[in-house]
Amino acid sequence: MASFAPNNRTMYQEAYHQESLENYSFLITGGAGFIGANLVEYLIKHNAKKVRVLDNLATGFMHNLVEFESNPNFEFILGDIRDIDTCKNAVDSIDFVLHQAALGSVPRSFNDPITSNAVNISGFLNMMIAARDAGVKRMVYAASSSTYGDSKLLPKKEEIIGKPLSPYAITKYVNELYAENISKNFGFHTVGLRYFNVFGPKQNVKGAYAAVIPLFFNAGIHNTKVTINGDGNQTRDFTFVENVVQANIKSLFADINQHEVMNVAVGDRISVNELWNHIKNFSNSTVEATFGETRIGDVRDSLADISKAKKIIGYQPTHTVRDGLSITYDFFKNQAVANEK
């Protein structure tokens, strides 16, 4: 197994837009969450006129935004997308909406499908209608690779899906159905980005529904027990968050005249066992993983065909899994050091 040195590259130095952002105002729902906060960082770094965040802090954290609070172009609204009036107020004077607000996690959706449905479907529809009625130029929303369900086809192509395997997957597919219907009937053309296992700085390492990579980094850095669900040979197209930010920004300004859904990934995959070995090497951990039961609703293998995103928005992933793991290791290591002081 190769050893990968930490990568100190500063994120978001490259511009994924061509025209100036100084003339535009952006709303990021779920902006205190992992992906949302990274979108805030990009927009602030590239001098957006206004960056407004709407978040109820159910799964997001103000510490993800603390570095932007003193910026005059930043604004935070504490509110819930399940309230239509909150959504209408949030889109006032907004040019573009980046809709990241959702209750993620397949296990969470099994444990509490009612809340997942309310946030992910009713909240999504509230925001889409509010954006449409306010004359927003473009709304880009977080779709999900979970929409592929029980389809065994690899790589995953946007037009071929199976039956959803979880309540969460159902909610994300319903988002696409609503978006397509509103596009056809009202001419409000949105873009859905089917994320594949996104990871990176600012991802939550705590809680019952933390994703696998922050859990692995936390275990590796602190040399504590790590449990892999199933046999660990399941594969994923792990996608570094800067690739996802690129896709969001390019989707805002692309020449699109209908509803579009496209994969956002790297187009490569590794097993969960390989992932742990990489993180173990980064952190010099001596822990051997233990194996648990396969989680209900999990797919066995996932790999994206990203040719559609390349063609429509000019998407070109700049970070491999190993690039992203290096940057993410630095982030979690620095965070661990800071917490020890």
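Let me begin with what counts as a helix here: helices are DSSP runs of H or I with at least four residues, numbered from the N terminus. What we are looking at is a predicted model, in which local features need pLDDT of at least 70 and side-chain atom pairs count only at pLDDT 80 or more, while totals for chains, interfaces and linings use all residues. Residues are numbered from 1 along each chain as its sequence is written, and side-chain values use heavy atoms, with hydrogens and water left out.

I will start with helix α7, where Asn243 is found. The helix has 13 residues and spans 19 Å from its first C-alpha to its last, which is close to the 18 Å expected at 1.5 Å a residue, the expected span being 1.5 Å times one less than the number of residues. Of those 13 residues, 12 are buried, so α7 is largely enclosed by the rest of the structure; buried here means under 20% relative accessible area, with a 1.4 Å probe and protein chains only. Among the buried residues are Glu242 and Lys250. Asn243 itself is buried, at a relative accessible area of 0%, and, if we set aside residues up to four places away in sequence, Asn243 touches Val264, Val266, Tyr315, Pro317, Thr318 and His319, where contact means heavy atoms within 4.5 Å.

How do the axes of α1 and α7 cross? The axes of α1, residues 34-45, and α7, residues 241-253, come within 10 Å and cross at roughly 65°, with axes being lines fitted to C-alpha atoms over the stretch in contact and angles running from 0 to 180 degrees between N-to-C directions. The two helices are therefore roughly perpendicular to each other, a term that covers angles of 65 to 115 degrees. On the α1 side the contact is made by Phe34, Ile35, Asn38, Leu39, Tyr42 and Leu43, and on the α7 side by Val241, Val244, Val245, Asn248 and Ile249. These residues divide into nine nonpolar, two polar and no charged.

A second pair to look at is α6, residues 212-222, and α8, residues 272-283, whose axes come within 9 Å and cross at roughly 40°. Their contact involves residues including Phe216 and Phe217 of α6 and Leu275 and Trp276 of α8.

Finally, let me turn to Thr328, which lies in helix α10, residues 321-340. With 0% relative accessibility, Thr328 counts as buried, and, leaving aside its neighbours within four places in sequence, Thr328 is in contact with Phe199, Gly200, Pro201, Phe217 and Phe240.

Methods
Angles under 35 degrees count as roughly parallel, over 145 as roughly antiparallel, 65 to 115 as roughly perpendicular and the rest as oblique. Ala, Val, Leu, Ile, Met, Phe, Trp, Tyr, Cys and Pro count as nonpolar, Asp, Glu, Lys and Arg as charged, and the others, Gly among them, as polar. Buried means under 20% relative accessible area, exposed over 50%, partly exposed in between (1.4 Å probe, protein chains only).
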